[in-house]
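Student: I have a structure open and want to go through parts of it. Can you take my questions as they come?

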Amino acid sequence: MSDPNIYLPHLMRIGKITQEAPGVRTFRLEFVDEAAASAWTFKTGQFGLYSAFGDGESTFCIASSPTRKGYIECTFREVGRVTAGLADKEVGDIVGFRGPYGNVFPIEQWKGKNLLFIAGGIALPPLRSVIWNCLDLRDWFQDITIVYGARSVADLVYKHELKEWQERPDVNLLCTVDPGGETPDWTGKVGFVPLIVEQANPSPENTVALVCGPPIMIKLTLPVLAKLGFTPESIYTTLENRMKCGVGKCGRCNTGKSYVCKDGPVYTLAQLNQLPAEY
Amino acid sequence: MADLYQLSSASLDALFAALTADGRRILAPTEADGRSELNPVTRPDQVAKDYLQTTLSAKETVFPKVERLLSYTQAPGQVDLVDAEPHAVPTVLFGIRPCEASAFAALDAVFNWDYRDKFFNARLEQLSVIGVSCARRDDACFCTAVGGGPGATKGSDILLTPMAGGYLAEVLTDKGRAIQALAPDLFQPTSGVDKAALLANVPTAFDQPALTAKLPALFDSPLWSEQSLRCVGCGACAFVCPTCVCFDIQEEADKTGGRRLRAWDSCGYHMFTLHASGHNPRETQGARWRQRIYHKFSYYPERYGQLGCVGCGKCTRACPVDMNLQEHLVEASQVNP
Amino acid sequence: MELREKAKQLLESGDVKAVLGFEPGTGGVRRPAFARSAAQAEKLVFDGEQNLASYVTHKEVKRLGRLALVARPDTLRALLQLMGERQLKEGDVLPLVLEDGQVRELTDAQAIEEYLALTAKELPAQDRELLERLGGMTRQERWDFWQKELSRCIKCYACRSSCPMCYCEHCTMDCNRPQWVPVPSHALGNLEYHMVRAMHLAGRCVECGDCGRACPVGIPIHLLTFNAEESVHAQFGQRAGASAKLDYAMSTFRPDDKETFIR
């Protein structure tokens with residue numbers, strides 16, 4: 001009996017393309033093989049390797065929630081060969097998907113807690129999966145606060161959903177843009193994300209914080225959370241590292257004894273502090 | 001528990017013939033231009049005399065330098081995937097050293113620790129190893145420091161130790177017994193052979209458990225950038241290494257279809273960890289050299305319960321600037337955190 | 001003055017921050033060695049095979065500061081070529097040569113050029129013989145020779161990494177938009193890599209042979225670039241590293257050139 005080929009992707013048809021921001025798109029993907037579609041599940045936090053056939057594979061989180069069946073979504077920025085190949089695709093085209101890989105956000109452990117989501121720019125997609133997962137199970141949790149910022153109004157992703165979250169009474173959304181990134185009709189906040197978090201003054205009491213953003217944002221946000229009294233065990237992040245195989249073999253994402261594709265990408269700050277800063 | 005036999009030099013001809021008749025390919029070190037490499041042979045006289053080790057390692061037999069993972073054809077709105085078959089051929093590796101034979105376990109750890117790699121497994125399943133002990137060593141060898149030895153049996157299905165008139169043969173595994181069964185008369189039961197007297201003397205070069213315990217405290221030491229000043233950042237060490245397993249996946253395609261290939265890669269290259277944003281977690285050669293050491297001597301043991309190095313010295317011999325691994329490890333052993 | 005003395009003197013005066021020479025290595029080979037203190041200078045020797053000029057473009061070496069380095073003629077040619085290609089400023093390195101058993105500093109490009117003018121450039125006999133043998137082959141025989149040799153290539157890039165002229169931070173091989181040359185070490189990938197490299201070195205190769213020495217599987221890869229270099233010399237009368245002022249046939253157009261396409 002031979003092993004299955006773990007590098008063989010599923011074929012996915014692009015069902016919908018949303019232009020989120022300059023250079024940033026969301027793909028809604030459906031399994032070509034319906035049997036695969038019904039057998040397949042994932043949990044929030046996991047990622048996959050998406051193929052642009054002819055160019056190669058790239059790693060993105062699964063940006064949709066596991067509670068939404070029948071499709072998965074990914075959001076990516078066009079930065080290189082594979083993402084350029086993907087950006088060229090149209091609705092109806094076929095791409096590849098391997099996954100789900102990686103560990104998960106342990107949302108069951110957060111029942112009864114307050115949730116604080118902090119995201120910057122193109123790093124909202126991994127947290128968006130968790131947000132919708134939690135909103136679809138709203139009564140598991142207490143207060144849900146989202147702090148999300150981007151360089152400018154145009155760079156905000158999921159603009160439609162931001163509006164939805166803004167209008168929901170059971171979500172506290174603080175949306176911000178960097179100074180200089182506001183437009184005349186912008187009604188949200190202006191200021192860097194760490195500052196907005198500090199101003200919001202969230203209580204660490206019974207609260208889990210999820211932080212995802214460009215390295216500089218994370219670097220400046222963590223001290224704010226520490227000052228507010230959040231413990232390293234209560235702060236979660238999701239890492240990105242260069243990946244190729246996604247299954248803990250090719251070595252690229254290896255950081256200390258950890259493989260980001262297997263032991264991550266979700267880490268608590270306490271776990272991150274055990275790893276060498278090679279990510 | 002090994003069964004002990006004597007095998008005469010003359011009977012190797014018959015053994016090779018039996019293996020070939022059984023449909024097995026025999027790979028052994030052969031000599032050309034002063035170096036020895038693994039090549040297909042059918043007779044023992046084709047095997048290199050008096051070689052220390054091959055330049056490249058035997059990992060090619062289970063983890064080739066290029067390997068197809070899948071292919072596909074495409075047309076507008078359609079992609080058809082074709083799974084790839086490893087085409088593993090029954091193979092006997094004859095004449096590799098105990099250090100190299102023990103390396104297969106390190107490869108297995110990565111290829112099977114969670115997801116199982118069908119390509120590696122298909123080849124490993126078809127592979128039998130007839131190792132040959134070492135009667136001599138050179139300055140690059142340090143097997144005894146990493147739990148190995150010139151006559152170690154780990155990884156061999158049959159281990160031959162050269163002696164007067166032929167070899168001491170230890171038949172170690174089911175695969176070894178299957179080979180023995182092809183020509184049982186060649187294996188004369190024996191006892192009382194002093195194997196240790198037939199082996200090279202390889203004094204332990206450094207205290208590896210102590211080094212492994214010390215490495216976490218040495219992470220920020222300037223030692224690594226000092227040791228790696230002369231490193232040129234090529235992949236020779238990783239590619240000749242029998243335990244190095246890092247790989248790349250490359251796509252080669254045109255509008256009508258393509259294939260995905262696996263190729264050897266090295267953590268020594270600066271592009272290995274380079275992000276699309278331009279950020280590089282291991283920006284300097286010192287950080288990359290440190291990764292090589294730590295991966296083999298710290299992360300591997302922590303994760304897989306075994307070392308990622310067998311002390312064969314191939315990296316040292318292949319390095320264009322003599323980055324002698326043993327020397328660097330001895331130095332690291334002596335440095336205070 | 002002896003090398004060790006000279007090295008100590010240079011380091012102690014602060015004239016240079018590091019001296020790059022050779023030291024004894026495994027099993028008697030010589031390997032590059034950096035001395036950054038008088039104590040470390042004790043190990044330095046003059047003889048060694050590698051062309052140390054390849055280190056002057058390394059980020060980590062540049063960060064050390066001004067570097068003195070032990071130089072043979074091919075090292076000096078490489079330094080001049082690097083100066084011509086604006087990868088090196090004259091004052092950043094201090095070549096040390098052996099003259100009548102004494103170590104001498106070559107303090108500027110002119111001194112290097114003058115010293116080189118006095119040394120005859122000669123290919124090692126072994127290389128000359130193999131180049132002649134290759135030259136005497138038919139095209140098919142030569143093709144078969146290289147196909148066989150290059151099939152053994154494992155794409156480790158030891159050749160590229162050892163070459164003083166291969167300093168590009170983003171090498172053509174690393175480019176994937178487009179993927180000029182396939183990455184994996186199959187027959188086509190190997191052939192294309194080495195052909196492109198030989199072309200990129202035509203007129204720039206100082207014929208040190210480091211690439212061939214570096215190859216872990218013993219492919220005489222240096223002969224490809226030697227041959228390209230000799231072709232450029234034969235057709236354009238030019239030699240790599242002859243001067244710090246670049247006059248590179250492959251990127252220079254003169255009005256009296258026989259090709260007209262650029263007019």
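Student: Which residues of H2(B) are buried?
Tutor: This is a predicted model, so everything here is computed from it. The buried residues of H2(B) are B:Pro98, B:Cys99, B:Glu100, B:Ala101, B:Ser102, B:Ala103, B:Phe104, B:Ala106, B:Leu107, B:Val110 and B:Phe111. That is 11 of the 15 residues in H2(B), so the helix is mostly covered, a residue being buried if 20 or more other C-beta atoms lie within 10 Å of its own.

Student: What do they pack against?
Tutor: In chain B, the buried residues of H2(B) pack against strand E6 (91-96), helix H3 (118-125) and strand E7 (127-132).

Student: And how far does H2(B) reach from end to end?
Tutor: Helix H2 of chain B, residues 98-112, reaches 22 Å from its first C-alpha to its last. At 1.5 Å a residue, 21 Å is expected, and the value is close to that.

Student: Next, B:Gly311. Where is it found?
Tutor: B:Gly311 is in the loop between helix H8 (285-304) and helix H9 (314-318) of chain B.

Student: Why does B:Gly311 count as buried?
Tutor: Because B:Gly311 has 24 C-beta neighbours inside 10 Å, and the cut-off for buried is 20 or more.

Student: What is B:Gly311 in contact with, leaving aside its neighbours within four places in sequence?
Tutor: B:Gly311 is in contact with B:Cys99, B:Cys141, B:Phe142, B:Cys143, B:Ala145, B:Val146 and B:Gly148. One of these, B:Cys99, is also among the buried residues of H2(B). B:Gly148 is 163 residues from B:Gly311 in sequence, and their C-alpha atoms are 7.7 Å apart.

Student: Strands now. How do E2(B) and E3(B) run, and how many bridges join them?
Tutor: Strand E2 (residues 25-32) and strand E3 (residues 35-41) of chain B run antiparallel, joined by 7 bridges. For instance, B:Glu31 has B:Ser36 in E3(B) as its bridge partner.

Student: What about the hairpin between them?
Tutor: The hairpin has 2 residues between the strands, and B:Asp33 takes a positive phi near 50° there.

Student: Over to chain C. Which residues of H11(C) are buried?
Tutor: C:His222, C:Leu223, C:Leu224, C:Thr225, C:Phe226, C:Ala228, C:Glu229 and C:Val232. What covers them includes helix H6 (125-136), helix H9 (187-201) and helix H10 (210-214) of chain C.

Student: What comes just after H11(C)?
Tutor: C:Gly237, which takes a positive phi of about 65°.

Student: Last one: how many residues do chains A and B put into their contact?
Tutor: Chain A gives 36 residues and chain B gives 43. The chain A side has 14 nonpolar, 11 polar and 11 charged residues.

Definitions and conventions. Residues are numbered from 1 along each chain as its sequence is written. Chains are lettered from A and ligands numbered from 1 in the order in which they are written. This is a predicted model: local features need pLDDT of at least 70, side-chain atom pairs count only at pLDDT 80 or more; totals for chains, interfaces and linings use all residues. A residue is buried if 20 or more other C-beta atoms lie within 10 Å of its own, exposed if 12 or fewer, and partly exposed in between; C-beta atoms are placed from the backbone. Helices (H or I, at least four residues) and strands (E, at least two) are DSSP runs, numbered from the N terminus. Two residues are in contact if their C-beta atoms, placed from the backbone, lie within 7 Å. Two strands pair if DSSP finds at least two bridges between them. Ala, Val, Leu, Ile, Met, Phe, Trp, Tyr, Cys and Pro count as nonpolar, Asp, Glu, Lys and Arg as charged, and the others, Gly among them, as polar. The expected span of a helix is 1.5 Å times one less than its number of residues.
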